[in-house]
Amino acid sequence: MDRVTRLASQRAVVIFGTSSCCMSHTVTRLFVDLGVNPTVYELDEDPRGRDMEKALGKLLGRNPSVPAVFIGGKLVGSTDKIMSLHLSGGLVPMLRNAGAIWV
């Protein structure tokens, strides 16, 4: 859990996903299209990825636990939460407040 929290607080936007997860790619693509340069951790390529995935499952309260998106060091949620925020107009202001975009 400490590793997840530490990694998530080091950048404005952090995505924990897996290389084979289409939802991880979709969320990452959304951020890139918005002009964000997210830090992406592919848990299936990390030696401690299994432990981090379990910690994320506890934080999110669900499995699968990826993608898990942190903005400004705070857990925002998974794909459904990110898309909901984007469609309601709340994602861009959140990204601005975190310093991820300047527009």
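1. Basis of the values. The model is predicted, so local features are given only where pLDDT is at least 70 and side-chain atom pairs only at pLDDT 80 or more, while totals for chains, interfaces and linings use all residues. Residues are numbered from 1 along each chain as its sequence is written, and side-chain values rest on heavy atoms, with hydrogens and water left out.

2. Overall fold. The protein has five helices and four strands, and along the sequence these follow the pattern α-β-α-β-α-β-β-α-α; helices (H or I, at least four residues) and strands (E, at least two) are DSSP runs numbered from the N terminus. The radius of gyration, taken over C-alpha atoms, is 13 Å, which agrees with the value near 13 Å for a compact globule of 103 residues, the rule being 2.2 Å times the number of residues to the power 0.38. Along the principal axes, the C-alpha atoms fill a box of roughly 35 × 25 × 20 Å.

3. Of the 103 residues, 41% are buried, where buried means under 20% relative accessible area, exposed over 50%, and partly exposed in between (1.4 Å probe, protein chains only). The accessible surface comes to about 5,800 Å², of which 52% belongs to carbon and sulfur atoms, as computed by the Shrake-Rupley method with a 1.4 Å probe. Contact means heavy atoms within 4.5 Å, and among contacts between residues at least 6 apart in sequence, 60% join residues at least 24 apart.

4. Helix α2. This helix covers residues 22-33, and its 12 residues reach 16 Å from the first C-alpha to the last, close to the expected 16 Å, a span defined as 1.5 Å times one less than the number of residues. Its buried residues are S24, V27, T28, L30 and F31; they lie on the same side of α2 because they cover an arc of only 155° around the axis, the arc being that of the directions from the helix axis to the C-beta atoms. On the other side, C22 and D33 are exposed. The buried residues pack against β1 (13-17), β2 (39-42), β3 (68-71), α4 (79-88) and α5 (91-98).

5. S24, in helix α2, is buried at a relative accessible area of 5%, and, leaving aside neighbours within four places in sequence, S24 is in contact with G17, T18, V66 and P67. Two of these partners, V66 and P67, are joined by a cis peptide bond with omega about 0°, and P67 is in the loop between α3 (49-60) and β3. G35, which follows α2, has a positive phi, near 95°. In general, most residues other than glycine have a negative phi, and most peptide bonds are trans.

6. Salt bridges. With a salt bridge taken as a side-chain nitrogen of Lys or Arg within 4 Å of a carboxyl oxygen of Asp or Glu, the count comes to two. In one, D46 pairs with R3 at 3.1 Å between the closest N and O atoms; this pair links distant parts of the chain, with D46 in the loop between β2 and α3 and R3 in helix α1 (residues 2-8), 43 residues apart. R3 is partly exposed, at 22%. In the other, R29 and D33 meet at 2.8 Å, N to O, and they are separated by about one helical turn because they are four residues apart in helix α2. R29 is partly exposed at 48% relative accessibility, whereas D33 is exposed at 54%.
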